[in-house]
Protein chains: 2
Amino acid sequence: MSDVMKDPHIVKSYDRDLESIQALIMKMGGLVETAILEAANSLEARDEELAERVRKGDKAIDALEEKVNEEAARLLALRQPSAGDLRTVLSVMKISANLERCGDYAKNMAKRTGVLVQMAPMEGSAGAIRRMAKAVELMLKDALDAYIQRDAELAEDVRQRDLEVDQMYNALFREFLTFMMEDPRNITACMHLHFIAKNIERMGDHVTSMAEQVIYLATGHLPEDERPKADRTSVDAGRS
Amino acid sequence: MSDVMKDPHIVKSYDRDLESIQALIMKMGGLVETAILEAANSLEARDEELAERVRKGDKAIDALEEKVNEEAARLLALRQPSAGDLRTVLSVMKISANLERCGDYAKNMAKRTGVLVQMAPMEGSAGAIRRMAKAVELMLKDALDAYIQRDAELAEDVRQRDLEVDQMYNALFREFLTFMMEDPRNITACMHLHFIAKNIERMGDHVTSMAEQVIYLATGHLPEDERPKADRTSVDAGRS
């Protein structure tokens with residue numbers, strides 16, 4: 001621990017700085033939750049205006065990540081935190097990077113909605129995608145709660161739920177393959193829908209990685225078992 | 001700058017620590033370059049054993065990233081670097097995260113090779129993928145050279161070359177759509193080939209992000225113009 005950290009006034013000011021960064025993370029988290037839900041809703045409702053709002057909204061998420069990184073770097077440089085505090089600050093940076101990536105995926109989903117509304121809808125797919133997006137949004141909500149409470153148990157629950165998201169993705173992947181084989185006119189729409197499903201599956205991976213950071217913060221070590229397997233299509237699809 | 005940094009012996013030891021982390025980055029970079037090329041070669045040669053080696057080799061890349069993060073956190077905690085040095089250490093962590101992701105993509109390519117060798121080859125595709133992989137590998141090689149030399153000009157050149165990789169990806173995307181429409185029996189193979197092409201395109205994005213870190217390190221600011229556009233299929237495909 002550096003000399004400056006021994007002064008209780010400075011310690012208090014360090015806590016305050018960290019809290020203000022955590023507030024930025026929560027704000028980012030809220031925007032990303034909304035972006036995920038609205039991207040999926042715009043697809044199901046074929047609502048181009050809503051999709052356009054999601055696309056434009058990503059700028060605010062990117063700006064918040066930028067701000068988190070600046071504040072965290074400033075905190076590290078000025079306060080020279082001890083090893084434990086350092087870990088907290090680095091985790092915050094990792095979590096904000098994960099959130100930023102989720103925001104990018106939501107934006108990409110919304111872009112594809114703009115293309116998909118020009119084509120005939122694939123029966124049932126938009127609803128299945130919306131349910132998958134909702135599952136990831138709930139994971140994200142719980143990951144953020146677990147982060148604020150330093151609740152390793154809730155974080156572990158989030159981590160396990162990623163397996164269900166992966167199963168939803170695998171089911172959709174097989175469905176899209178079937179649609180494409182049935183009628184080649186479905187191919188372009190299914191390629192876009194498949195990208196969207198894959199983006200949601202990747203958001204689940206990023207939320208899982210956030211949950212792992214929370215476990216690290218709460219317990220001092222990362223989960224010991226292998227991270228749950230993400231995308232099994234590279235092995236499964238050959239059999240379908 | 002903290003007190004400890006004013007002692008020239010400590011400064012020297014900080015430089016030595018940083019150099020040893022940079023050496024780990026270069027080692028990671030070499031492994032990732034090899035993984036990219038061998039993943040593409042295993043696909044073209046339909047060589048399952050080579051693909052298996054690429055898959056297994058990713059563990060060494062992950063372990064190096066872990067080591068970079070540990071060493072960087074230790075350096076931050078012990079040496080309490082000034083703002084400039086802090087930026088350098090944070091950049092190193094970002095670059096190692098980019099390399100780790102590239103390693104993951106190469107591993108995923110190699111997994112899909114295991115599936116694709118069970119199917120009839122798509123004429124010309126494996127060669128086109130190999131050329132795309134080679135372009136990204138050269139970008140990575142130059143990004144690593146630019147990093148060591150703090151050469152912003154070379155990094156900017158890398159960044160611009162990502163546009164060519166994106167064009168290669170867009171051409172392949174259209175080709176796969178055509179193959180699938182021509183014959184539904186091509187669909188499964190084309191879905192996997194498309195994933196592989198997309199993975200290489202994403203590696204290009206990660207190498208671009210490394211190049212941007214180098215520009216930041218060399219000049220003190222990120223490139224001002226918008227980052228070159230990555231994947232245009234979300235808008236183009238609707239027209240194809």
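How much accessible surface does chain A have, and what share of it belongs to carbon and sulfur atoms? In this predicted model, the accessible surface of chain A comes to about 10400 Å², and carbon and sulfur atoms account for 50% of that area. Chain A has 240 residues, of which 56% are buried.

The secondary structure of chain A consists of eight helices, with zero strands, and the order of elements from the N terminus is accordingly written α-α-α-α-α-α-α-α.

The arrangement of the two chains was examined next. Chain B is superposed on chain A by a rotation of 180 degrees with 0.0 Å of shift along the axis, and the RMSD of this superposition is 0.0 Å. Such a relation is that of a two-fold axis. The same surface serves both copies, in that 100% of the contact residues of chain B recur in chain A. Within chain B, the residue that comes closest to the rotation axis is Q80(B), whose C-alpha lies at 2.9 Å.

The size of an interface is often expressed as the accessible area that is lost when the parts come together. Between them, chain B and chain A bury about 3300 Å², and 65% of this buried area is on carbon and sulfur atoms. The contact draws 40 residues from chain B and 40 residues from chain A. On the side of chain B that touches chain A, at least two residues each are supplied by α3 (48–79), α4 (83–116), α6 (152–182), α7 (187–219) and α8 (233–236) of chain B. The helix that gives the most to this side is α7(B), with ten residues.

H194(A) is placed in helix α7 of chain A, which spans residues 187–219. With a relative accessible area of 5%, H194(A) is buried, because a residue counts as buried when this value is under 20%. When residues up to four places away in sequence are not counted, H194(A) touches Y169(A), F173(A) and F176(A) in chain A, together with M191(B) and F195(B) in chain B.

Definitions and conventions
Residues are numbered from 1 along each chain as its sequence is written. Chains are lettered from A and ligands numbered from 1 in the order in which they are written. This is a predicted model: local features need pLDDT of at least 70, side-chain atom pairs count only at pLDDT 80 or more; totals for chains, interfaces and linings use all residues. Side-chain values use heavy atoms; hydrogens and water are left out. Copies are superposed by least squares on the C-alpha atoms of residues with pLDDT of at least 70 in both. Contact means heavy atoms within 4.5 Å. Helices (H or I, at least four residues) and strands (E, at least two) are DSSP runs, numbered from the N terminus. Buried means under 20% relative accessible area, exposed over 50%, partly exposed in between (1.4 Å probe, protein chains only). Accessible areas come from the Shrake-Rupley method with a 1.4 Å probe; for residues, only the protein chains shown count as cover. Buried area is the accessible area (1.4 Å probe) that two parts lose on being put together, summed over both.
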